[in-house]
Structures are given as C-alpha cells and as structure tokens.
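User: Got a model open here and I'd like to talk it through. Can you take my questions as they come?

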Amino acid sequence: MKGLKYAALTELTEAQLKKQIGENHARLTALRFQKTVGQLDNHAQISTLRQDIARMQTALTSRKPESK
C-alpha cells in the first residue's frame, strides 16, 4: 500500500478532505479490529493509513486563515 502525496491533497476541496478523513478513520478502526482478531496480513497498512490521515489534516489546517 502506497501513501498519498501532499500535492494531490492540495487539489481537493475542504469537503472532500473532510469526507476522506472520516472514511479513513473508519477504515483504520476496521484494520485495528482485524489486527486484534488476527486477520490482518499486512500490518504496515495501519501506519500508512495513519500517515495519510495526518497529511489530510495538515492540508486541511493549512487552508484555514490564521487568527491572532
């Protein structure tokens, strides 16, 4: 499983990013459950998905105007 590129995330709208973050959180929960049950073959999927979620949240945060 290959991770997402940050440049690809900057092209998405804010709504699309929020939707993907939600979907990936659900997928991460499913992967963690599979790991606990012993059905997960590739444990690297969890860390890759966590990194992808972090990239999406960074892209989402960078769009918000700074308030001081």
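Predicted model: local features only at pLDDT ≥ 70, side-chain atom pairs only at ≥ 80, totals over all residues.

User: How many residues does H3 have, and how far does it reach?

Analyst: H3 has 20 residues, and its first and last C-alpha atoms are 29 Å apart. That's close to the 28 Å expected at 1.5 Å a residue.

User: Why does Asp52 count as buried?

Analyst: Because its relative accessibility is 6%, and the cut-off for buried is under 20%. Arg55 comes out at 28%, so it counts as partly exposed.

User: How many salt bridges does the structure hold?

Analyst: Two. Besides the Asp52 and Arg55 pair, there's a salt bridge between the side chains of Glu14 and Lys18, at 3.4 Å from N to O.

User: How far apart are Glu14 and Lys18 along helix H2?

Analyst: They are four residues apart, so about one helical turn separates them.

User: Are those two buried or partly exposed?

Analyst: Glu14 is partly exposed, with a relative accessible area of 39%. Lys18 is partly exposed too, at 48%.

User: Why would side chains like that pair at all?

Analyst: In general, side chains of opposite charge can pair when their charged atoms come close.

User: Switching to Asn24. Where is Asn24 found?

Analyst: Asn24 is in helix H2, residues 14–37.

User: Is Asn24 buried or exposed?

Analyst: Buried, with a relative accessible area of 13%.

User: What is Asn24 in contact with, leaving aside neighbours within four places in sequence?

Analyst: Leu49, Ile53 and Met56.

User: OK, Thr10 next. Which helix does Thr10 lie in?

Analyst: Helix H1, which runs over residues 6–10. Thr10 counts as partly exposed, at 44% relative accessibility.

User: What does the side chain of Thr10 reach?

Analyst: The backbone oxygen of Ala7, at 2.7 Å.

User: How far is the C-alpha of Thr10 from that of His43?

Analyst: The two C-alpha atoms are separated by 28 Å, and the residues are 33 apart along the chain.

User: Zooming out, how many helices and strands are there in the protein chain?

Analyst: Three helices and zero strands. From the N terminus on, the elements run α-α-α.

User: What about the overall dimensions of the C-alpha trace?

Analyst: Along its principal axes the trace spans about 45 × 20 × 20 Å. The radius of gyration of the chain is 14 Å, whereas a compact globule of 68 residues would have one near 11 Å.

User: How much of the chain do buried residues make up?

Analyst: Buried residues make up 22% of the 68 residues. The accessible surface comes to about 5,100 Å², with 51% of that belonging to carbon and sulfur atoms.

User: Last one, on contacts with a separation of 6 or more: what share do residues 24 or more positions apart account for?

Analyst: They account for 71% of those contacts.

Terms used. Residues numbered from 1 in each chain as written. Heavy atoms only, no water. Helix = DSSP H or I, 4+ residues; strand = E, 2+ residues; numbered from the N terminus. Buried < 20%, exposed > 50% of the residue type's maximum accessible area, 1.4 Å probe, protein only. Contact = heavy atoms within 4.5 Å. Polar contact = N/O pair within 3.5 Å; in protein donor to acceptor, adjacent residues only side chain to side chain. Salt bridge = Lys/Arg side-chain N within 4 Å of Asp/Glu carboxyl O. Rg over C-alpha atoms; globule rule 2.2 N^0.38 Å. Areas by Shrake-Rupley, 256 points an atom, 1.4 Å probe, with all protein chains shown as cover. Expected span 1.5 Å × (residues − 1).
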